[in-house]
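Trainee: I would like a close look at a single part of this chain. Please take one residue and set it in its surroundings.

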Amino acid sequence: MASTFPPSSIRPILNEVASLLTSRNETISVAETAAGGIISASLLSVPGASKFYRGGLTLYTLESRVQFAGWTEENKKNYSGPNAEVVSGLAKNVKEKLGSTYCLCESGTAGPGGSGATPNRKPDFVALAIASENGVVTEETTSGANGDREKNMVEFARLGLELLKRVILEKAEGAKI
């Protein structure tokens with residue numbers, strides 16, 4: 001019987017990322033919100049993950065960000081939904097705390113409904129960040145899954161892993177990130 005985890009749409013990029021990290025002797029930490037742990041669980045499903053996986057946090061609530069990710073009550077009060085600034089800050093904080101080469105951070109609106117009129121509060125929006133020694137690369141995009149919560153969660157994970165792969169390859173090529 002074929003395994004249903006990690007999701008089939010994640011497997012190809014997951015294997016590429018795991019191979020890149022292992023071959024380069026680099027590490028990853030994860031800070032995820034709307035993906036709900038799918039990124040970390042997928043990375044951990046790879047045999048030998050202990051060579052590259054430093055740890056992860058599922059920071060679904062604002063309170064968890066205060067307790068575990070360096071947020072203040074001021075950050076919580078001023079929160080206006082997922083965006084590049086939010087994921088950048090979370091990625092830098094978790095990378096530093098876990099001492100990884102990279103930190104992948106994801107925060108999105110999985111659906112089925114949203115909680116506001118702005119694009120970042122509508123289902124299928126995701127903000128992504130990769131923190132590394134070269135700084136932070138961010139991306140805001142949509143998954144195309146609209147209000148399908150499960151599809152959005154998986155797609156947010158896939159998009160985050162895709163961004164991580166691009167950052168690793170750009171670093172390898174000496175590109176200025």
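Mentor: What follows begins with one arginine and then widens to the chain and its backbone. This is a predicted model, in which local features need pLDDT of at least 70 and side-chain atom pairs count only at pLDDT 80 or more, while totals for chains, interfaces and linings use all residues. Residues are numbered from 1 along each chain as its sequence is written, and side-chain values use heavy atoms, with hydrogens and water left out.

Arginine 24 belongs to helix H1, which covers residues 11-24; helices (H or I, at least four residues) and strands (E, at least two) are DSSP runs numbered from the N terminus. Its relative accessible area is 28%, so arginine 24 is partly exposed; the classes are buried under 20%, exposed over 50% and partly exposed in between, with a 1.4 Å probe and protein chains only. The side chain of arginine 24 makes a polar contact with the side chain of glutamate 26 at 2.9 Å. A polar contact is a pair of N or O atoms within 3.5 Å; within protein, one must be able to donate a hydrogen and the other to accept it, and residues adjacent in sequence count only if both atoms are side-chain atoms. Apart from neighbours within four places in sequence, arginine 24 is in contact (heavy atoms within 4.5 Å) with Tyr102, Ile168, Lys171 and Ala172. Valine 136 lies 112 residues from arginine 24 along the chain, and their C-alpha atoms are separated by 19 Å.

The chain as a whole has six helices and five strands, in the order α-β-α-β-α-α-α-β-β-β-α. Of its 177 residues, 49% count as buried. Among contacts with a separation of 6 or more, 66% are between residues 24 or more positions apart. The C-alpha trace spans about 45 × 40 × 30 Å along its principal axes.

Some backbone details remain. The peptide bond from phenylalanine 5 to proline 6 is cis, with omega near -5 degrees, and proline 6 lies in the segment before H1. Aspartate 124 counts as buried because its relative accessibility is 10%.
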